[in-house]
Amino acid sequence: MKLTRLVGECDEGECPTIYATDRGTLAVQGGLVTDHGLNIPPHETLAEISVDLIRKAIRDNLI
């Protein structure tokens with residue numbers, strides 16, 4: 001899978017970031033959410049990012 005960085009909260013890549021994939025989807029890098037009480041399949045996970053990061057991506061017409 002090829003990832004293209006769209007927007008992040010820092011320049012170093014070690015913080016919440018939204019990527020576009022070559023599959024026509026988005027990949028999200030963020031904090032691992034473990035205290036959710038949901039039944040998440042083993043091949044999936046939850047990542048937490050700020051609403052401001054989503055707003056910035058939309059405002060800049062990235063998604």
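1. Arg 59 is exposed, with a relative accessible area of 58%. Exposed means over 50% relative accessible area, buried means under 20%, and partly exposed covers the values in between (1.4 Å probe, protein chains only). Asp 60 is partly exposed, at 36%. Arg 59 and Asp 60 form a salt bridge, and their closest N and O atoms are 3.5 Å apart. The term needs a side-chain nitrogen of Lys or Arg within 4 Å of a carboxyl oxygen of Asp or Glu.

2. A word on the model before going further. It is predicted, so local features need pLDDT of at least 70 and side-chain atom pairs count only at pLDDT 80 or more, while totals for chains, interfaces and linings use all residues. Residues are numbered from 1 along each chain as its sequence is written, and side-chain values use heavy atoms, with hydrogens and water left out.

3. How many salt bridges does a search of the whole structure find? It finds two. Besides the pair above, the side chains of Arg 55 and Asp 52 meet in a salt bridge at 3.3 Å, N to O. Arg 55 and Asp 52 are three residues apart in helix 1 (residues 51-59), so about one helical turn separates them. Both Arg 55 and Asp 52 are exposed.

4. Now the overall layout. The protein chain has one helix and five strands. These elements are DSSP runs, numbered from the N terminus: helices are H or I with at least four residues, and strands are E with at least two. Along the sequence the pattern reads β-β-β-β-β-α. The C-alpha atoms fill a box of roughly 35 × 25 × 20 Å, taken along the principal axes.

5. Three strands make an open sheet in the order 1-2-3, with antiparallel pairing. Strand 1 and strand 3 stand at the edges with a single partner strand each, so one side of each has no neighbour in the sheet. On average, neighbouring strands of this sheet are turned by 30° against each other, direction ignored. Strands of a sheet pair through backbone hydrogen bonds, either parallel or antiparallel. Here, two strands count as paired if DSSP finds at least two bridges between them.

6. Look at each pairing in turn. Strand 1 (residues 3-8) is joined to strand 2 by five bridges, and the two run antiparallel. Leu 3 stands opposite Thr 21 in strand 2. Strand 2 pairs with strand 3 (residues 26-29) over four bridges, also in the antiparallel sense. Thr 17 has Gln 29 of strand 3 as its bridge partner, and Ile 18 has Val 28.

7. Is strand 2 (residues 17-21) mostly covered or mostly open? Mostly covered: four of its five residues are buried. The hairpin of strand 2 and strand 3 has four residues between the strands, and there Gly 24 takes a positive phi near 80°.

8. Where does the helix sit relative to the strands? Helix 1 lies across strand 1 and strand 2, running at about 110° to strand 1. Axes are lines fitted to C-alpha atoms, for helices over the stretch in contact, and angles run from 0 to 180 degrees between N-to-C directions.

9. Cys 10 deserves a look. It is placed in the loop between strand 1 and strand 2. At 18% relative accessibility, Cys 10 counts as buried. Leaving aside residues up to four places away in sequence, Cys 10 touches Arg 5 and Cys 15. Contact here means heavy atoms within 4.5 Å. From Cys 10 to Arg 55 is 45 residues in sequence and 15 Å in space, C-alpha to C-alpha.

10. Finally, the surface. Leu 26, Ile 54, Ile 58, Leu 62 and Ile 63 form a nonpolar patch with about 400 Å² of accessible area together. Patches take residues with over 30% relative accessible area and no salt bridge; like charges are joined within 9 Å, and nonpolar side chains (Val, Leu, Ile, Met, Phe, Trp, Tyr) within 5 Å. Leu 26 is found in strand 3 and is partly exposed, at 48%. The protein chain exposes about 4900 Å², and carbon and sulfur atoms supply 50% of it. Areas come from the Shrake-Rupley method with a 1.4 Å probe; for residues, only the protein chains shown count as cover. Of the 63 residues, 19% count as buried.
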